[in-house]
Amino acid sequence: MRVIVIGGGKVGQTIIRHLSTEGHDVAVIDTDSSVITDITDNYDVMGVVGNGASYSVQKEAGIEDANLVIAVTDSDELNLLCCLFARKAGGCNTIARVRNPLYSSEIRYIKEELGLSMTINPEYAAALEIARLIRVPSAIKIETFARGRVEMLQVVIPQNSVLDGCSLMNISSKVGVNVLVCAVERGGDVIIPNGQFVLRQGDTISIVADPSRQRHFFTKIGINYHRISNTLIIGGGTIAYYLAKELIAAHIDVKIIERDEHRCEELAELLPEAVVINADATDQDMLMEEGLDSCESFVTLTGIDEENIFLSLFAQQKNPNAKIITKTNKIAIDSIIGRLNLGSMIHPKDITAEYILRYVRAMQNTIGSNVETLYNIVEHKAEALEFNIQADAPVIGIPLSELKTRDDVLIACIFRSGKIIQPNGQSRIQEGDKVIVVTTKKGFGDIKDILA
């Protein structure tokens, strides 16, 4: 597919990296020539220097032949204008990043009037992910499928857990809960396990379990499962605003620490139920006075990755029982960060890229069983995909034991008529099912791609 990305910032470059890796014909537009040079030196893409809202610039980038335009500049208004021009010039699909909370209540109207295929708000998406993690603090990552009715949770097997030394086929008898382990991260490697695979303490496992059984499962494997009643948020930006609204609605007490006095005044007016403190969060004495050592969850959302990391490390030292969530955007040394005890990591730019990749893959096959949901579940080493099964899908009616799938592919869950089915060898996929697949392969766009 031919895709034009307007805006070469952090989000734009993440999208470009994924799209070019998957073999799409990508052009990027940015007003900064050094940004274009950097992108074209690192990726096999076409670069155009100029204003993405200019017809001549879009024409130079190939708008007349484009299938999709993605506008992710720092300006919501410019993104909307770019998409409007692209619709008029090329009649292609368009995606706009729209971040301002002022537009959130009008987003449906904006989409309809401008003919947008999709809008994406990285800050709101990140806030929803953080809110899910606070709701289930035992998990270090949570992904949702079937419009929130199926959850995939990532947890670390603790020391002295009943799962240490347990094979997957014996989990149900060991813990008394029917769960499916669909991916294991061990020593930097990701494994799609079979029934004979033996778990060890320290493994990071991704599981699919009925939400009603989660508490029992966590308790049995030695992980404390409790409800969080308060949170301390560092940084009062847009993510903090969206997150505070979600948590307040869930009856969780919120305290926000923000160093900018004017922003504190805004937040106090927008979020009267929250406690807003005007202070510098790097002041350790102040953090202790504001309850760092007793808070149940601690979220770092400043615009400086290094500050977020150091604050999370300090919080872990002073309050090891708190749920720690750390936002990073720029730092890419995952091998080092992964060794630090930073709790759950949130990367808004990656969340945005996943939303857009999901849409791109669905566009590639508008007739077959499309990708509805897509997540990189283990730092870009494995993907979890949700497919809508349509009438002509080649997997329908065949027992899974007889379905010839590719290596490193696991059918993790079937969602049918409101019920979660944990599949076994005799299970059969039916038309209308939602099927969740976990794989270390990349680029699946249709359910037929899982077949050998």
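Biologist: How far apart do the C-alpha centres of domain 1 and domain 2 lie?

Modeller: Keep in mind that this is a predicted model. The domain assignment gives domain 1 as 2-120 and domain 2 as 139-221. It also gives domain 3 (230-346) and domain 4 (353-450). Between the C-alpha centres of domain 1 and domain 2, the distance is 39 Å.

Biologist: What span does helix 7 reach from its first C-alpha to its last?

Modeller: Helix 7 covers residues 122-135. That is 14 residues, and at 1.5 Å a residue the expected span is 20 Å. The model comes close to that, with a reach of 20 Å.

Biologist: How many of the 14 residues of helix 7 are buried?

Modeller: The buried residues include Pro122, Glu123, Ile130, Arg132 and Leu133. Tyrosine 124 is partly exposed, at 34% relative accessibility. Helix 7 is largely enclosed by the rest of the structure, because the buried count is 11.

Biologist: Which residue has a side-chain oxygen that reaches the backbone nitrogen of glutamate 123?

Modeller: Look at the start of helix 7. There, a side-chain oxygen comes to within 3.2 Å of that nitrogen. The cut-off for a polar contact is 3.5 Å. The residue is asparagine 121.

Biologist: What kind of aromatic pair do tyrosine 124 and tyrosine 242 form?

Modeller: The structure holds 3 aromatic pairs. In this one, the ring centres are 5.2 Å apart and the planes stand at 65°. Planes over 60 degrees apart count as edge-to-face. So the pair is edge-to-face.

Biologist: How many residues apart in sequence are the parts that this pair of tyrosines ties together?

Modeller: Tyrosine 124 lies in helix 7, and tyrosine 242 lies in helix 10 (residues 238-249). Tyrosine 242 is buried, with a relative accessible area of 5%. Ring pairs also link Tyr241 with Tyr124 and Tyr242 in a cluster. The sequence separation between tyrosine 124 and tyrosine 242 is 118 residues.

Biologist: Phenylalanine 217 and phenylalanine 218 form an aromatic pair, but of what kind?

Modeller: Phenylalanine 217 is buried, at 1% relative accessibility. Phenylalanine 218 is buried too, at 1%. Their rings sit 6.0 Å centre to centre, with 55° between the planes. Stacked needs under 30 degrees and edge-to-face needs over 60, so this pair is tilted.

Biologist: How many disulfides does a search of the whole structure find?

Modeller: Take cysteine 166, whose nearest cysteine sulfur is that of cysteine 182, 16 Å away. Then take cysteine 295: the closest cysteine sulfur is in cysteine 264 at 18 Å, too far for a bond. Cysteine 166 is buried at 3% relative accessibility, and cysteine 295 is buried at 8%. The number of disulfides found is 0.

Biologist: Is histidine 251 buried or exposed?

Modeller: Histidine 251 lies in the loop between helix 10 and strand 13 (253-258). Its phi is near 65°, a positive value in a residue other than glycine. Most residues other than glycine have a negative phi. At 67% relative accessibility, histidine 251 counts as exposed.

Biologist: What is the phi of aspartate 408 near?

Modeller: Aspartate 408 sits in the loop between strand 19 (383-388) and strand 20 (409-416). It is partly exposed, at 37% relative accessibility. Its phi is positive, and it is not glycine. The value is near 60°.

Biologist: Which residue has the backbone oxygen that the side chain of glutamine 422 reaches?

Modeller: Glutamine 422 is in the loop between strand 21 (419-421) and strand 22 (434-439). It is partly exposed, with a relative accessible area of 26%. Outside its sequence neighbours, it is in contact with Asn178, Val179, Leu180 and Val208. At 3.2 Å, its side chain reaches the backbone oxygen of valine 179.

Biologist: How far apart in space are glutamine 422 and serine 161?

Modeller: In sequence, glutamine 422 and serine 161 are 261 residues apart. In space, the distance is taken C-alpha to C-alpha. It comes to 23 Å.

Note on methods:
Residues are numbered from 1 along each chain as its sequence is written. This is a predicted model: local features need pLDDT of at least 70, side-chain atom pairs count only at pLDDT 80 or more; totals for chains, interfaces and linings use all residues. Side-chain values use heavy atoms; hydrogens and water are left out. Rings of Phe, Tyr and Trp (its six-membered ring) pair if their centres lie within 6.5 Å; planes under 30 degrees apart count as stacked, over 60 as edge-to-face and the rest as tilted. Helices (H or I, at least four residues) and strands (E, at least two) are DSSP runs, numbered from the N terminus. Buried means under 20% relative accessible area, exposed over 50%, partly exposed in between (1.4 Å probe, protein chains only). Domain bounds come from an automatic or database domain assignment. The expected span of a helix is 1.5 Å times one less than its number of residues. A polar contact is a pair of N or O atoms within 3.5 Å; within protein, one must be able to donate a hydrogen and the other to accept it, and residues adjacent in sequence count only if both atoms are side-chain atoms. A disulfide is a pair of cysteine sulfur atoms within 2.5 Å. Contact means heavy atoms within 4.5 Å. Lists of a residue's contacts leave out its neighbours within four places in sequence.
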